[in-house]
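This briefing concerns charged and nonpolar surface features, together with selected side-chain pairings. Please consult the sequence and the structure alongside the points below.

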Amino acid sequence: MSSFKKDSKVNLFSRLTAALLLAATPCWAGDGMPQGAITFIDATDCDADWSTYTDADGFFLIPLTSDDSTWGQPVGSSISGNAFELPHEHSLSGEVNVGNKDWCSSTATNTALSAGKPGNQNYSGETSEGITNLPWMRLLICEKTSAPSSGAATPPSGMLAFFESACPTDWSGTEDYDGRYLVALPSGASPAVFGGSPVDGTSAPSHTHDYSVTFDISSQKPALATGCWNGYAKSNDRTATGVTDAAETGFSYLPLLLCKKD
């Protein structure tokens, strides 16, 4: 009788242990995302059935569903490390009218005259280096390498995911977001397009600046005899305004197909 009770206790312990191990094991592995889906993962490594999508390393992801020739073709240089400043310069050029000064004197004099040439004068130059200083967060990007797991929950309708080629079954390509950087909205807000023109998959975004530059036209005081002198620029400051040449912002990107769950 004693031996029977001992064996029963051992058998019960074994069953409880097996039950606990089964409870700790998920009923299915993987997830319901389709093969080829590309998305951000808040982790240091991709999960099982996913692999690191290295083509996107250092690039923003941009949806460009309307032009499949651009998919997977990076634009600009990869942004490495913490290079968030993205320095850039602008060139500028234009024309400024410095005026004309004629001088006549009946007696010898010592007067202030500009040594420059009169009329319209061309100028050109470079702005000092500016920085974009864009606030961003770097995240791991992973690509699904296997088909959806049997029994896994289906992704919700309206979910967006990037792909390198055609949209999978029950997903549709959408051009609503083409050529634009995606920015998160707070709960309850409606999606909206804002900012400049969308990128085309061949060039990075660029911008210009209005400028105002002042030229200091100095004067000299030569000793003059009697008579008239023509063709001197007027002294004092002259101001020129204009728009700089366009410069890229450094927002390098990788165009991809964007699909929405039906």
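In this predicted model, a surface patch of negative charge brings together E85, E89, E126, E129 and D245. A nonpolar surface patch is formed by F40, M137 and L139, and the salt bridges come to two.

- E85, one of the residues in the negative patch, lies in the loop between β3 (60–63) and β4 (87–88).
- With a relative accessibility of 41%, E85 is classed as partly exposed.
- H88 belongs to strand β4 and, at 13% relative accessibility, counts as buried.
- A polar contact of 3.2 Å joins the side chains of H88 and H207.

**Nonpolar patch**
- Together, F40, M137 and L139 present about 320 Å² of accessible area.
- M137 is situated in the loop between β10 (130–131) and β11 (140–144).
- M137 counts as exposed because its relative accessibility is 66%, and the cut-off for that class is over 50%.

**Salt bridges**
- D31 pairs with K144 in a salt bridge whose closest N and O atoms are 3.0 Å apart.
- D31 is in the loop between α1 (2–24) and β1 (38–41) and K144 is in strand β11, so this pair ties together parts 113 residues apart in sequence.
- Both D31 and K144 are buried.
- R138 forms a salt bridge with D57, with 3.5 Å between the closest N and O atoms.
- This pair links distant parts of the chain, 81 residues apart: R138 is in the loop between β10 and β11, and D57 is in the loop between β2 (50–52) and β3.
- R138 is partly exposed at 41% relative accessible area, and D57 is partly exposed at 49%.

Note on methods:
Residues are numbered from 1 along each chain as its sequence is written. This is a predicted model: local features need pLDDT of at least 70, side-chain atom pairs count only at pLDDT 80 or more; totals for chains, interfaces and linings use all residues. Side-chain values use heavy atoms; hydrogens and water are left out. Patches are made of residues with over 30% relative accessible area and no salt bridge: like charges are joined within 9 Å, nonpolar side chains (Val, Leu, Ile, Met, Phe, Trp, Tyr) within 5 Å. Accessible areas come from the Shrake-Rupley method with a 1.4 Å probe; for residues, only the protein chains shown count as cover. A salt bridge is a side-chain nitrogen of Lys or Arg within 4 Å of a carboxyl oxygen of Asp or Glu. Helices (H or I, at least four residues) and strands (E, at least two) are DSSP runs, numbered from the N terminus. Buried means under 20% relative accessible area, exposed over 50%, partly exposed in between (1.4 Å probe, protein chains only). Lys and Arg count as positive and Asp and Glu as negative; His and the chain ends are not counted. The place of a charge is taken as NZ of Lys, CZ of Arg, CG of Asp or CD of Glu. A polar contact is a pair of N or O atoms within 3.5 Å; within protein, one must be able to donate a hydrogen and the other to accept it, and residues adjacent in sequence count only if both atoms are side-chain atoms.
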